[in-house]
Amino acid sequence: MGYRLSNEKFNKLLDGLKGEYKIYAPIRFPKRGRFSDTDLIRYGEINKVEDVVWIEKSNYSPKEIVFPITQTLFYFTEDEFKESMVHNKKILIFLRPCDINGMRRLDTIFLNNGPIKDVYYERLREKVKFVMMECKDGFENCFCVSTNSNYTQDYSIAVRFTSNEVFCELKDESFQQFFSNLGTEMNFKPEYIEENSVKVQLPEVDKITTEFFNHDMWKEYSKRCIGCGRCNMACITCSCFTNSDIAYEENPNAGERRRVWAGCHIDKFTDMAGGHSFRQDYSSRMRFKTMHKIYDYKKRFGEHMCVGCGRCDDICPEYISFSNCINKVSKTLKEDESNAQ
Amino acid sequence: MSMDLNVKAIKKNAFRITKVRGKTALRIRVPGGLIEAKHLQAVKEIAEQYGDGTVHITIRQGFEIPGIPFEKMDEVNQKIAQMIKEVEIDNGVDIDNAKKGYPASGTRNISACIGNEVCPFANYNTAKLAQRIEREVFPNDYHVKIAVTGCPNDCIKAHMQDFGIIGMADTQYERDRCVSCEACVKNCSLRVTGALIMHNGKVRKDERRCVGCGECVLTCPTAAWSRNPEKFYKLVIMGRTGKKNPRLAQPFLEWVDEETIIKVIKNTYEYIDKYIDRSLPKEHVGYIVDRTGYQVFKEYALKGVVLGPKARVAEHINFGGYLYERDGFMK
């Protein structure tokens, strides 16, 4: 079922939803960007449709809603502990098909990677429903078509924003009550992007051998990458974290166990007890990330991890392009194959 | 007929007395070091038609066109009129008649680093501020040098000016967005003042050590650090070169807003008017401050200024530098 709502009516819809839901969308933080007088666009709670930034790609993904950057798991004193709480509202997220497909990768890692589910992820994730933002044209650096992430049916509502009205497709009947008496009923089906200007040739995973891990193609990244980890932080599918116990300053006998995001490009990622550390060379970090996104995840779970949102390319201060890297992998494998024959 | 020239009037008109008898040089102002490229055409034409075909790019970011015969000054002023109109008058600078050339030359061109239209480090649009200052202080005969720079890197050398304005970022930390990568802490300690330390996996800032460069924002991978959209500036004063006592400008104010900067500069012109030694052909503002002392200057400069809560004012300044007459070679 479809609806056509003026922005005003859509705001009434949001008002109705706010009672039950925390509503997240990409929003603008004016002058909070990396460079002075630039804006930051990232996920945050919205109050009205005008808050939603739908004409630009967000700098960061929506993963922080279900996988907070900093999360306290439990608090402890000398002889007892108490698990942290989460809010009691449901969560509605406005996001594009690439990110919905990215959320499935996060689900795989946190919920279906072995016998134990990550309860801290699950307790937020189970509250979530998706509002898919139609994405017909994509943005710079997007290559979702190459990763089959341009399309999804996993949403409760799909929306097309225009300057003054919103077209909605309603798939989840639990939202029907919020729409009644608001807009004009109509047939609306979202459209999907069919072609990106960036195209990626994903490698065939069974062609990748352990020798390839030492291939010369990685070498250039040892000088180009600076190990800042922006790519990890912006990525919808990077899901690494690290736990640490924090002893409170005023009374070190009380504290908390906290987990925060970690990134394979960032120092300390491989630190071990005793001071041992791997992948000191930045090219090996680039290789590790690349192989996770387009090799071992696929071997284990049947689809590639990278969804082609291109945020890593958007954010890299050194102009390292991940899509170019993937193409280099595929090309190098082909060349090596033909050389061997 | 022998040449009979009013040298003082000529100098005031931004023409200079040169070593070549009969030849002058025109100094063209470029406030903020930024103009539309089309104006280069006028510069080229004046140099080729009236000058010796060369253009000197001045340290203050203006153009100096040498080899112009004094008798061609009026024609040259006609030629530069359109640029004066567009660059100065259209910017709000109080000039009656562009066709008469520049009405003053004492207060020098306001120079600026390239600023945040281009540079990742700059904390504000330096050209825009320079153009505003130009509008507030020019035309003026008092000899004052002003430059604005986007960050404490001070690429414009604000520390060599009577007034050096340095952009400061009030960086704010969103603790929950921090992933403890320590990039900001390491960078601040390596390249700045070590104002950041790690504590329990999060960052602490020593406000007194922070120079407001904004490097932590640049290095942060998660946007845990961002700039307060409100703009802040540091004002360093009375830096100079010269044959008596070359010295770097010293911090006078920091964490002040644009209005404070403007007001202080304008107050200083009144201070100059009151204290300048009129027996001299000209006196640079720094030497006036040397005579009256910093406290008198400070009182005058801050008249009517309402400082914000973050603002800091130097209680005393030891201007330092070295005195030619007392340095090692003359003893």
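**Figure 1. Burial and overall build of chain A.** Of the 341 residues of chain A, 54% count as buried (under 20% relative accessible area; exposed is over 50%, partly exposed in between, with a 1.4 Å probe and protein chains only). The model is predicted: local features need pLDDT of at least 70, side-chain atom pairs count only at pLDDT 80 or more, and totals for chains, interfaces and linings use all residues. Residues are numbered from 1 along each chain as its sequence is written, chains are lettered from A and ligands numbered from 1 in the order written, and side-chain values use heavy atoms, leaving out hydrogens and water. Chain A holds 10 helices and 12 strands (DSSP runs numbered from the N terminus: helices are H or I of at least four residues, strands E of at least two). Its radius of gyration is 22 Å, close to the 20 Å of the globule rule for 341 residues, so chain A is as compact as a globular protein of that length (taken over C-alpha atoms; the rule is 2.2 Å times the number of residues to the power 0.38). The C-alpha trace of chain A spans about 65 × 60 × 45 Å along its principal axes.

**Figure 2. A salt bridge between D267(A) and R285(A).** The closest N and O atoms of this pair are 2.9 Å apart (a salt bridge is a side-chain nitrogen of Lys or Arg within 4 Å of a carboxyl oxygen of Asp or Glu). D267(A) sits in the loop between β12 (255-261) and α8 (282-301) of chain A, and R285(A) in helix α8, 18 residues apart. D267(A) is partly exposed, at 29% relative accessibility. R285(A) is buried, at 5%.

**Figure 3. A salt bridge between E134(B) and R29(B).** Here the closest N and O atoms are 2.8 Å apart. E134(B) belongs to helix α4 (residues 126-137) of chain B, while R29(B) lies in the loop between β2 (23-28) and α2 (39-49) of chain B, so the pair ties together parts 105 residues apart in sequence. E134(B) is buried, with 0% relative accessibility. R29(B) is also buried, with a relative accessible area of 7%.

**Figure 4. A salt bridge between R291(B) and E283(B).** The closest N and O atoms of the pair are 2.6 Å apart. R291(B) is partly exposed, at 45% relative accessible area. E283(B) is buried, at 8%.

**Figure 5. A network of salt bridges in chain B.** R132(B), E136(B), E258(B), E259(B) and K266(B) are linked in this network. Over all chains, the whole structure has 59 salt bridges.
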